[in-house]
Amino acid sequence: MAPATSSTSSAITLNINGEKHHLPIDHRTTLLDALRERLDLTGTKKGCDQGQCGACTVLVDRRRVVSCLSLAVAAEGREITTIEGVAEGDELHPVQQAFLDLDGYQCGYCTPGQICSAIAVIEEHAAGWPSAVTDDPGPEAGPPPLTPDEIRERMSGNLCRCGAYVSIVRAVARAAESHAEHRAEAAKGTAA
Ligand code: FES
Ligand code: FES
């Protein structure tokens with residue numbers, strides 16, 4: 001039996017969707033291949049395998065990364081969220097629900113990546129991060145309106161070969177509205 005560690009492999013622990021996975025791994029293994037080939041987490045899709053399509057997007061410490069360009073060893077000790085981990089039990093994440101309600105997909109192959117990306121986009125926007133199409137990216141300006149142009153720009157790393165973009169933009173806008181309402185409710189609760 002091969003040793004768990006060598007000059008080209010190590011035993012690592014990945015924290016995925018709140019669960020710890022211990023595995024020996026070749027240092028050259030991408031996070032995408034570790035998820036799909038080693039841990040059977042096949043919700044994350046392989047499209048181009050070279051950072052161009054966004055199908056493999058997952059969240060690492062709540063920020064989106066293309067897992068085909070990330071090494072699994074570099075994700076050790078970080079909080080990884082894949083599409084399998086975004087729902088709360090039987091309750092879909094609001095972004096998943098919006099994609100479902102507004103037909104934000106056709107074949108569905110790009111959808112896990114689109115949803116993970118959209119979750120991070122909504123948080124980035126709420127935190128006031130500007131995009132390349134934001135008019136006034138001053139630090140005190142607050143979040144710009146999340147217009148369709150903003151959504152298209154912020155989601156531009158996620159390609160959809162079926163061309164479901166119109167519905168995807170609507171779904172992200174709907175989920176962002178729910179997120180803003182939820183934050184407003186939570187703020188009211190804190191102030192009361
Ligand atoms: S499979 Fe990773 S960006 Fe295309
Ligand atoms: S829904 Fe088919 S690639 Fe996007």
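Helix 3, in this predicted model, has 16 residues, which at 1.5 Å a residue should span 22 Å. Helix 3 covers residues 111–126 and packs against helix 2, residues 94–101.

**Helix 3 and its surroundings**
- Gly128 follows helix 3 and has a positive phi, near 90°.

**Packing of helix 2 on helix 3**
- The axes of helix 2 and helix 3 are 9 Å apart and meet at an angle of about 130°.
- The two helices, helix 2 and helix 3, are therefore oblique to each other, since an angle over 145 degrees would count as roughly antiparallel and 65 to 115 as roughly perpendicular.
- Helix 2 and helix 3 form a right-handed crossing.
- Helix 2 contributes Val95, Gln96 and Phe99 to the contact, while helix 3 contributes Thr111, Ile115, Ala118 and Ile119.
- By class, the residues of this contact between helix 2 and helix 3 are five nonpolar, two polar and no charged.
- An α-helix has 3.6 residues a turn, so residues three or four places apart point the same way.

**Asp33**
- Asp33 lies in helix 1, which runs over residues 31–38.
- Asp33 has 20 other C-beta atoms within 10 Å and is therefore buried.
- Asp33 and Glu150 are 117 residues apart along the chain, and their C-alpha atoms are separated by 32 Å.

Terms used:
Residues numbered from 1 in each chain as written. Chains lettered and ligands numbered in written order. Predicted model: local features only at pLDDT ≥ 70, side-chain atom pairs only at ≥ 80, totals over all residues. Axes fitted to C-alpha atoms, helices over the stretch in contact; angles between N-to-C directions. Helix = DSSP H or I, 4+ residues; strand = E, 2+ residues; numbered from the N terminus. Parallel < 35°, antiparallel > 145°, perpendicular 65-115°, else oblique. Left-handed = near helix turned anticlockwise from the far one by under 90°. Contact = placed C-beta atoms within 7 Å. Nonpolar A, V, L, I, M, F, W, Y, C, P; charged D, E, K, R; others polar. Expected span 1.5 Å × (residues − 1). Buried ≥ 20, exposed ≤ 12 C-beta atoms within 10 Å, placed from the backbone.
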